[in-house]
Amino acid sequence: MSGARLRRDLPVFPLSPDPVRPGVSRDVRAVRLDVDPVGPRGAPHVAVVTLGCDKNTVDSERMMAALVAHGARVSSDPAEADVVIVNTCGFIQAAKEESIETLLEACRLKDEGAVRAVVAVGCMVERHGVELAAEIPEVDLYLGLRDLPRLIPELRRRELVPQLDVPLMERPLRILASEHPHTSFLKISEGCDHSCAFCAIPLMRGLHRSAPLDDLVAEAAALGRQGVREINVVSQDTTWYGRDLRRRDPAAPLLPGLLRALLERTEIDWYRLFYMYPSGITPALVELLGEASARAAGPRVVPYLDMPLQHGSDRILTAMRRPERRATIRERVSWLRSAIRGLTLRTTVIVGFPGETEADFREMLDLLEELRFEHVGAFAYSPEEDTPAASMPGQVPEHVRRARLEELLDLQRTVSLERNLELVGSTQTALVDRAAADEDPDCVAVARIAAQAIDVDGVTRLVGEGAEPVRPGDLVQVEIADAGEHDLTARVLT
């Protein structure tokens, strides 16, 4: 599959409902999707299956809101659905394979008569729609990112959603599909201006486009009214927020201005920052984060930063077309550690990039050991077609990539354990995610402290009698009693 090109014409939020006509209210709110489907009883049941990243999750939640606004009943479960929509991911080969397998499974349900239609949307369709349509003709409709405004009209034309005689007076902004309704995501921009040699995101999502500040504040406030206590701020490069707006308006806010607006105009307890390129971290941003960490009532921008490095060798960073080098990385980490009390840093790295020598790999290990990130996500390089790296000389054999990955993970396990042991005896605020599983009789509930992001980091097991009354979504004070490489154990303080 090939032939993708970088696009500038994709909308910032292509999955939002149709523009509101005069006299029809725009209901800026979020609706939770719990066990039962959301929408009118007896309406066509549309299941939206989301693959890939948290940014895709936001897209799917907007899609479900648009479907409800047009008379459908939505869920995330294909069982008993009339229509299955698969929001595909095309980031790496494994994600493409998962997308294809999911589409084939939905087509099997259709062949058995349980489903009337299967729709494929999203990143993989944007990049490989023509090839997919030839390979899986059983799918009834393919819509790439730029074609998503056609979703509702196409479903209507096929009589899969109602033809409404009167407009709906309420239009939810998003249908929250997370199993943890107290935690959600705020996607502040779309696309990416960087040209990393290994990454196909700009080919699928286009160049960077920031969402308007007032829209984001309204969305975050709506999430808060629905019980969301933690918002994970996401984009392809979160530090880049507002730079495109500044080209048109020199007074347009950048990321610090957006964060201040979110803090001043919403009641969200925790904001957490993801995908912060080191090169985009400015003194103004560090100052704001330092002020937030020193707040007497507790930080609302939690002292946690996800800062992807991708490598630690200047030679490989140059080959990757990354915008920073070791000196910049060291400088930004020093700024952040000095200014932000109790900071937790997460990063991601790639091992086995084309041309990576043993010396390059050792440089990365040395940098990680020096900077001691609390959390590291590591991946073996996967060549992606249409990216410059895929045709670079010096492709590293798979067995070498795998061996280097295991060595790096061994190093990080030691660092993570040491970092976690430093927390033993400290008092922390924890957000309760769920009741404990039956197979863990000593654990009453599972929570996360500020140093633990949902899904990607470890958890904190709450033990003891004081933990029994806590419920998902509660913020509680705990004392860390024990630590492992990933997870913590804590007692709730009464």
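Which residues does Leu141 touch, not counting residues up to four places away in sequence? The partners are Val118, Val119, Ala120, Glu154 and Arg158. Keep in mind as you look that this is a predicted model. Leu141 itself lies in strand 6, which covers residues 141-143. With a relative accessibility of 5%, Leu141 counts as buried, because the cut-off for buried is under 20%. Leu141 also shows how the chain folds back on itself: Ala117 is 24 residues away from Leu141 in sequence, yet their C-alpha atoms are 8.3 Å apart in space.

Now step back to the whole chain. The protein chain has 494 residues, and 55% of them count as buried. Its secondary structure comprises 13 helices and 20 strands. Among the contacts with a separation of 6 or more, 77% are between residues 24 or more positions apart.

**Helices and their neighbours**

Helix 8 spans residues 255-265, and its buried residues are Leu255, Pro256, Leu258, Leu259, Ala261 and Leu262. What do these buried residues pack against? Their neighbours are strand 8 (183-187), helix 6 (213-225), strand 12 and helix 9.

Two packed helices are described by the angle between their axes and the distance between the axes. On the helix 12 side, the contact involves Glu358, Phe361, Arg362, Met364, Leu365, Leu368, Glu369 and Leu371. On the helix 13 side, they meet Arg404, Glu407, Leu408, Leu411 and Arg419. Sorted by class, this contact has 7 nonpolar and 6 charged residues, with no polar ones.

**Aromatic rings**

The structure holds 4 aromatic pairs. A pair of aromatic rings is described by the distance of the centres and the angle of the planes. Two of the pairs are described here.

The rings of Phe274 and Tyr304 are tilted, because their planes stand at 50 degrees, with the centres 6.0 Å apart. Phe274 sits in the loop between strand 12 (270-273) and helix 9 (283-293), while Tyr304 belongs to strand 13 (residues 301-306), so the pair ties together parts 30 residues apart in sequence. Both Phe274 and Tyr304 are buried.

Phe353 and Tyr381 have ring centres 5.5 Å apart and planes at 70 degrees, so this pair is edge-to-face. Phe353 lies in the loop between strand 14 (344-351) and helix 12, and Tyr381 in the loop between strand 15 (375-380) and helix 13, so the pair links parts 28 residues apart in sequence. Phe353 is buried, with a relative accessible area of 0%. Tyr381 is buried too, at 4%. Together with Phe198, Phe353 and Tyr381 form one aromatic cluster.

**Charges over rings**

| Charged residue | Ring | Distance to ring centre |
|---|---|---|
| Arg243 | Trp240 | 4.1 Å |
| Arg322 | Tyr277 | 4.4 Å |

Methods:
Residues numbered from 1 in each chain as written. Predicted model: local features only at pLDDT ≥ 70, side-chain atom pairs only at ≥ 80, totals over all residues. Heavy atoms only, no water. Contact = heavy atoms within 4.5 Å. Helix = DSSP H or I, 4+ residues; strand = E, 2+ residues; numbered from the N terminus. Nonpolar A, V, L, I, M, F, W, Y, C, P; charged D, E, K, R; others polar. Phe/Tyr/Trp six-rings, centres within 6.5 Å; stacked < 30°, edge-to-face > 60°. Buried < 20%, exposed > 50% of the residue type's maximum accessible area, 1.4 Å probe, protein only. Lys NZ or Arg CZ within 6 Å of the ring centre and 35° of its normal.
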